[in-house]
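Visitor: Hi, I'm new to this one. Could you walk me through it?

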Amino acid sequence: MFQLLDNQPGLTGRQRRLAFVSTAAVCLEFLDYFLIGLILTFLVGDWGLSFGQSSVILLASGIGAIAGAFYFGHLADRIGRRPVFVITIAVFSIATGALALTPDSASFGWIYLALFRVVIGFGAGGLYVVDLPLVQEFMPSAKRGRVTGLVTSAIPVGFLFGSLLVWFLSEAIGWRGILAVTAALGGILFFVRVSIPESPRYLARVGRAEEARKSIAWALEIDLQSVPAAPVEIATEKPTPKSSLRDLLAYPRSLWVSALTNLGMQTGYYGLSLWTPTLLVLVLGISPTQTGMYMVFVTLGALAGRFGFSYLAETIGRRRSGTLAGLAAATFLILGTIYDQTYLGGISIFFLLLIITYFFGEGGFAVVGPYSGEVWPSALRTTGMGFAYGFGGIGKVIGPLGLGLILGSNNLVKPEAEATGFGAGFIYFAAWYLLCAVVFLFFGFETKGKTLEKLDRELEGQRMKANNHALKPEEPVS
């Protein structure tokens with residue numbers, strides 16, 4: 001039944017529509033997530049925020065994302081991808097609207113921002129771990145990595161859109177108006193998303209064979225009669241599967257590879273990304289409004305990396321692509337610590353190296369995200385990806401917090417703070433990117449070109465091998 005999907009020479013209009021809607025959702029999700037980094041540049045001066053308070057605001061959504069990834073990833077394996085996807089859009093859109101109503105109080109406003117940023121992270125973390133598996137389960141195996149990699153490319157598009165909003169509209173509608181516009185876009189996406197059907201592979205797994213056939217027919221734009229009948233083991237309706245986090249322990253290699261690559265990539269990426277607007281203000285001495293313009297160029301580098309690695313993952317494989325991305329991002333970050341005050345023809349070398357770092361760091365996410373869904377069997381796909389992304393979400397906390405502690409949490413965000421040095425912070429981020437590269441290189445296994453059903457069989461073989469090894473009696477000691 002699924003051979004119709006896996007043997008497609010190209011994508012249908014509806015599959016492209018699914019990819020577009022999922023891309024728009026990721027774009028909006030990360031627009032919501034990263035917009036606070038730009039908004040913060042307007043508040044630190046007026047409210048006199050310290051590095052510690054700024055760090056709390058930046059890392060708050062990371063705390064929510066950890067919980068959201070665990071909860072919604074597990075829920076999507078139980079009740080389906082589609083309803084969870086819709087719920088998560090509603091959660092982070094409503095919370096973003098609430099941020100537009102932030103009290104104008106230096107003593108309480110930052111606490112209000114931090115609390116609702118937790119809610120935004122809760123919804124955003126859940127959306128990401130459901131969005132990619134949903135797309136994967138509709139796509140042919142030969143295009144799965146490329147399409148899902150391109151879906152993740154919406155992350156820098158979201159940041160780019162936020163930069164453009166700040167650049168062109170901040171003086172006209174203020175930071176509250178920008179947040180209100182973002183919340184309205186979430187409402188529109190909510191109503192568009194409800195037209196997408198449930199994943200056929202989820203439906204087949206719970207025995208809803210006819211619905212699975214209809215879902216395949218919808219995706220391929222063919223008559224239902226053209227979809228073969230489901231095998232007997234699928235055609236019998238089954239109770240809702242009850243997966244748990246304990247079940248993930250049966251796949252130790254999948255667990256460690258997906259969890260550690262996510263931790264390394266997210267710590268380096270989120271820590272750097274959330275602090276970049278403030279770092280540009282401090283290192284280059286530009287105004288908050290100018291950061292919008294500078295971030296456009298940084299984000300274009302990130303976008304190029306996403307697209308580049310989406311194609312590279314299908315050309316040289318996930319393992320090699322992930323290794324390259326982590327190693328190169330670490331290298332260029334360290335170079336940034338050396339040339340932070342060097343200019344070439346009036347252009348900051350620090351700024352240029354930052355763009356290159358984003359190319360590889362963001363490119364790595366086009367590999368890590370889809371890979372985290374591919375290394376788990378179908379019955380645990382969103383639970384496993386939710387755990388990996390949630391575990392990696394620790395990086396959303398220790399990333400921005402780490403730089404705040406290195407710079408000194410009591411310092412105000414002002415140019416004089418630059419004397420404390422950003423070099424140690426950049427080396428800190430580089431170490432996490434390097435961890436991602438090492439895990440891909442030495443522990444990763446290739447998923448390129450394999451159907452999800454073939455991966456299920458291989459993962460089951462790994463599980464049986466691990467169980468047999470665990471049950472093998474120890475050799476007697478002579």
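Guide: Here is a short tour by way of salt bridges, helices, loops and surface patches. This is a predicted model, where local features need pLDDT of at least 70, side-chain atom pairs count only at pLDDT 80 or more, and totals for chains, interfaces and linings use all residues. Residues are numbered from 1 along each chain as its sequence is written, and side-chain values use heavy atoms, with hydrogens and water left out.

Visitor: Let's start with charges. How many salt bridges are found in the whole structure?

Guide: A search of the whole structure gives 14 salt bridges. A salt bridge here is a side-chain nitrogen of Lys or Arg within 4 Å of a carboxyl oxygen of Asp or Glu. Side chains of opposite charge can pair when their charged atoms come close.

Visitor: Nice. Which residue pairs with D77?

Guide: D77 forms a salt bridge with R205, and their closest N and O atoms are 3.5 Å apart. D77 sits in helix α3 (residues 51-79) and R205 in helix α8 (residues 200-205), so this pair ties together parts 128 residues apart in sequence. Helices are DSSP runs (H or I, at least four residues), numbered from the N terminus.

Visitor: Are D77 and R205 buried or exposed?

Guide: Both D77 and R205 are buried. Buried means under 20% relative accessible area, exposed means over 50%, and partly exposed is in between (1.4 Å probe, protein chains only).

Visitor: What about E137, which residue does its side chain meet?

Guide: E137 meets R81 in a salt bridge, at 2.8 Å from N to O. E137 lies in the loop between α5 (109-136) and α6 (141-152), while R81 is in helix α4 (residues 81-99), so the pair ties together parts that are 56 residues apart in sequence. E137 counts as buried at 1% relative accessibility, and R81 counts as buried at 1% too.

Visitor: And E374?

Guide: E374 forms a salt bridge with R318, with the closest N and O atoms 2.7 Å apart. E374 is in helix α14 (residues 349-374) and R318 in helix α13, so this pair ties together parts that are 56 residues apart in sequence. E374 and R318 are both buried.

Visitor: Which residues do shared partners join into one network?

Guide: Salt bridges that share partners join D77, R81, E137, R205, R381 and D456 into one network.

Visitor: You mentioned α14. How many of its residues are buried?

Guide: In α14, 23 of its 26 residues are buried, which leaves the helix mostly covered. Its end C-alpha atoms are 38 Å apart, in agreement with the 38 Å that its 26 residues should span at 1.5 Å a residue. The expected span is 1.5 Å times one less than the number of residues.

Visitor: Now α9, please. What is its span?

Guide: Helix α9 (residues 209-220) has 12 residues and reaches 17 Å from its first C-alpha to its last, close to the 16 Å expected. α9 is mostly covered, with 9 of its 12 residues buried. Among those buried residues are R213, I216 and W218.

Visitor: What comes just after α9?

Guide: Just after α9 comes E221, with a positive phi of about 60°. E221 is a residue other than glycine, and it lies in the loop between α9 and α10 (232-235). With a relative accessible area of 44%, E221 is partly exposed.

Visitor: Okay, another loop. Where is G317?

Guide: G317 lies in the loop between α12 (288-315) and α13. At 0% relative accessibility, G317 counts as buried. G317 and E446 are 129 residues apart in sequence, yet their C-alpha atoms are 6.7 Å apart in space.

Visitor: Last topic: the surface. Which residues form the positive patch?

Guide: The positive surface patch is formed by R253, R319, R320 and K465. R320 is found in helix α13 (residues 318-338), and it counts as exposed at 58% relative accessibility. Patches are made of residues with over 30% relative accessible area and no salt bridge, joining like charges within 9 Å and nonpolar side chains (Val, Leu, Ile, Met, Phe, Trp, Tyr) within 5 Å. Lys and Arg count as positive and Asp and Glu as negative, while His and the chain ends are not counted. The place of a charge is NZ of Lys, CZ of Arg, CG of Asp or CD of Glu.

Visitor: What about the nonpolar patch?

Guide: A nonpolar surface patch of about 740 Å² includes F161, W167, L185 and V192. Accessible areas come from the Shrake-Rupley method with a 1.4 Å probe, and for residues only the protein chains shown count as cover. L185 is found in helix α7 (residues 154-193), and at 33% relative accessibility L185 counts as partly exposed.

How values were computed:
Helices (H or I, at least four residues) and strands (E, at least two) are DSSP runs, numbered from the N terminus.
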